[in-house]
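Here is a briefing on one protein chain.

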Amino acid sequence: METPGSQTSLHRANLERVVRAVRMAGSLTQAEIARSTGLSAATVSNIVRELKDGGTVEVTPTSAGGRRARSVSLSGDAGIVIGVDFGHTHLRVAIGNLAHQVLAEESEPLDVDASSAEGFGRAEHLVNRLIETTGISPAKVIGVGLGVPGPIDVESGTLGSTSILPGWTGINPSQELAGRLGVPVYVDNDANLGALGELVWGSGRGVRDLAYIKVASGVGAGLVIDGHIYRGPGGTAGEIGHITLDEAGPVCRCGNRGCLETFTAARYVLPLLMPSHGPDLTMERVVQLAREGDPGCRRVIGDVGRHIGSGVANLCNLLNPSRVVLGGSLAEAGELVLGPIRDSVSRYAIPSAARQLSVLPGALGGRAEVLGALALVLSEMGDSTLLESTLPAATPAFT
């Protein structure tokens with residue numbers, strides 16, 4: 001029997017610390033594992049050898065600082081994770097392993113507002129098709145990450161705003177998809193998953209705190225503090241779109257006037273250009289025309305950037321992040337939008353916070369959310385379960 005403070009329980013805890021560090025980073029050298037866990041080099045070496053013998057990790061030669069080193073990653077056979085991303089107009093699914101390798105990915109058009117039943121049915125079909133195509137055993141799947149374009153109520157697990165997805169009223173997305181796929185499902189909103197995706201695979205790599213800003217039909221922010229998504233007690237942290245810019249401005253869907261969203265989201269911005277550019281205009285097209293030199297589109301993109309910058313300045317003053325990553329199609333505008341964001345931050349943020357901030361476009365584009373869904377499973381899954389599936393029940397207590 002393991003007792004608190006015993007050699008066996010201490011060894012088990014150290015095993016889990018090493019697995020957790022490798023799981024979140026994708027791969028680490030043994031020296032990096034020692035630094036991130038606080039364990040001695042000798043202890044890390046012993047644990048890595050044990051995990052390798054048990055099939056939990058793989059060790060490959062590499063170099064670090066010009067010296068030979070050993071890179072440690074979770075075994076590709078240790079388990080499979082699946083990411084599912086519901087956008088307003090698409091469904092995207094990705095399959096990956098615990099070594100942060102994406103094995104398959106596919107997307108298809110979908111009007112997610114129409115029916116939750118149709119959306120989940122399409123997701124189930126696409127997941128099963130990708131599993132069959134890749135030849136992966138369904139028994140290897142240990143969890144699914146699910147992204148939805150709306151805030152999740154922490155207590156009930158349901159979508160917190162029916163005005164965003166009216167066809168999903170009363171639906172618990174995690175329970176619904178878990179019932180169809182038969183594995184644990186972890187759910188979060190698209191902005192949080194975009195932040196996780198960029199943190200693990202994209203423009204957020206190497207930092208412990210960032211804000212991911214996504215501008216689409218609404219405006220949201222995923223907040224990463226000390227390497228972890230910050231959701232708040234009710235799960236609504238990051239609703240930057242409802243910062244008030246003008247108390248006499250347009251009425252927002254939240255009921256207030258002049259929210260940031262009413263000056264930046266597609267539903268408010270596109271009508272400004274439709275009289276001159278036609279009724280079928282999309283934000284993607286606006287960005288393309290702006291990059292080609294269209295003066296009206298460049299003006300609108302610049303105004304949107306300045307308004308976003310005002311919201312980012314508020315984040316700087318409150319949270320002092322070191323990096324802001326702009327996601328979604330708007331990021332494709334490059335300096336046409338990033339420059340005005342930086343200008344507003346310089347004007348409205350505390351100077352010390354503004355100097356420390358870098359504003360970058362997302363590196364993952366439309367894949368940020370589905371890769372973030374994979375990262376969500378990696379961050380939420382239990383290390384104990386993974387160890388029990390790969391290591392013998394009894395382990396030597398040499399650490």
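A salt bridge here means a side-chain nitrogen of Lys or Arg within 4 Å of a carboxyl oxygen of Asp or Glu. K214 and E369 meet that rule, with N to O at 3.5 Å. The model is predicted. By the salt-bridge rule, the count comes to 16.

**Salt bridges**

- K214 sits in strand β9 and E369 in helix α13, so their pair ties together parts that are 155 residues apart in sequence.
- Both partners, K214 and E369, are buried.
- R231 pairs with D188, and their closest N and O atoms are 2.7 Å apart.
- That pair also links distant parts of the chain: R231 is in the loop between β11 (228-229) and α7 (261-264), while D188 is in strand β8 (residues 185-189), 43 residues apart.
- R231 is partly exposed, at 26% relative accessibility.
- D188 is buried, at 3% relative accessibility.
- E16 and R12 form a salt bridge with closest N and O atoms 3.6 Å apart.
- Helix α1 holds both E16 and R12, four residues apart, which is about one turn of the helix.
- E16 and R12 are both buried.
- A network of salt bridges links E108, E118 and R122.
- As a general point, side chains of opposite charge can pair when their charged atoms come close.

**An open sheet and its helices**

- Three strands make up an open sheet, ordered β1-β3-β2, with antiparallel pairing.
- The edge strands are β1 (27-29) and β2 (57-64); each has a single partner strand, so one side of each is left without a neighbour in the sheet.
- Neighbouring strands of this sheet are turned by 30° against each other on average, direction ignored.
- β1 and β3 (residues 67-74) run antiparallel and are joined by three bridges.
- Within β3, S71 stands opposite T29.
- Helix α2 (residues 30-37) packs on the sheet and touches β1 and β3. The direction of α2 makes about 95° with that of β1.
- Helix α3 (residues 41-53) lies across β2 and β3, at about 135° to β2.

- S71 belongs to strand β3.
- S71 has a relative accessible area of 14%, below the 20% cut-off, so S71 counts as buried.
- Leaving out residues up to four places away in sequence, S71 touches S27, L28, T29, E58, V59, T60 and T62.
- S174 is in helix α5 (residues 173-181).
- S174 is also buried, at 17% relative accessibility.
- With residues up to four places away in sequence left out, S174 touches L146, V185 and V187.

**Nonpolar cores**

- The largest nonpolar core has 43 residues; V18, I33, L51, V72, L98 and L210 touch the most other members.
- Elements giving two or more residues to this core include α1 (7-25), α6 (190-201), β9 (210-215) and α13 (368-380).
- Helix α13 supplies the largest share of this core, nine residues.
- V72 is in contact with V22, G26, S27, L28, Q30, I33, V48, V57, E58 and V59, neighbours within four places in sequence aside.
- A second, separate core has 42 residues, among them V215, V304, C316 and V359.
- In soluble globular proteins, nonpolar side chains tend to be buried together.

Technical notes: Residues are numbered from 1 along each chain as its sequence is written. This is a predicted model: local features need pLDDT of at least 70, side-chain atom pairs count only at pLDDT 80 or more; totals for chains, interfaces and linings use all residues. Side-chain values use heavy atoms; hydrogens and water are left out. Two strands pair if DSSP finds at least two bridges between them. Axes are lines fitted to C-alpha atoms, for helices over the stretch in contact, and angles run from 0 to 180 degrees between N-to-C directions. Contact means heavy atoms within 4.5 Å. Buried means under 20% relative accessible area, exposed over 50%, partly exposed in between (1.4 Å probe, protein chains only). A nonpolar core is a set of buried Ala, Val, Leu, Ile, Met, Phe, Trp, Tyr and Cys residues joined through side-chain atoms within 4.5 Å.
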